[in-house]
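Biologist: Please take me through the charged contacts and state the criterion behind each label.

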Amino acid sequence: MNDFTKRVVEIIQSIPKGKMMTYGQIARIAGNPRAARQVARILHSMSQKYNLPWHRVVNAKGEIVIKDDESRFVQRALLEKEGVTVKNERYVSIDEYRYDYQKFE
């Protein structure tokens, strides 16, 4: 596993319940601000192996962007279970719920 991937995994594992981060925010903190799509690939391929809280990652608009209806519903339900308000079935307030991870900044 390369250093960027290790940092992404560590950052995602650190997101506490009731908080969220964006793909771009994670990429920037991990050292590559242009790698938001890579963060999505890491999240998709390593969530189960590393027990990543995948549901706590949204896009820059605070939007749940999973295309699959069932997975999108699961993400929304998991966020709501942690006390996160999801508006219009897919939007989370970035200002209210963003986790400001500091270790790599």
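Modeller: A salt bridge is a side-chain nitrogen of Lys or Arg within 4 Å of a carboxyl oxygen of Asp or Glu. The model is predicted, so local features need pLDDT of at least 70 and side-chain atom pairs count only at pLDDT 80 or more, while totals for chains, interfaces and linings use all residues. Residues are numbered from 1 along each chain as its sequence is written, and side-chain values use heavy atoms, with hydrogens and water left out.

Biologist: Why is aspartate 95 called exposed?

Modeller: Exposed means over 50% relative accessible area, buried under 20%, and partly exposed in between (1.4 Å probe, protein chains only). Aspartate 95 has 74%, so it is exposed. Arginine 98 at 32% and aspartate 100 at 49% are partly exposed.

Biologist: How do you know that glutamate 89 forms a salt bridge with arginine 76?

Modeller: Their closest N and O atoms are 3.9 Å apart, which is within 4 Å, so the pair qualifies. Glutamate 89 lies in the loop between strand S3 (86-87) and strand S4 (91-92), and arginine 76 in helix H4 (residues 69-81), so the pair ties together parts 13 residues apart in sequence. Glutamate 89 is exposed at 56%, whereas arginine 76 is buried at 17%.

Biologist: How many salt bridges does a search of the whole structure find?

Modeller: The search finds six.

Methods. Helices (H or I, at least four residues) and strands (E, at least two) are DSSP runs, numbered from the N terminus.
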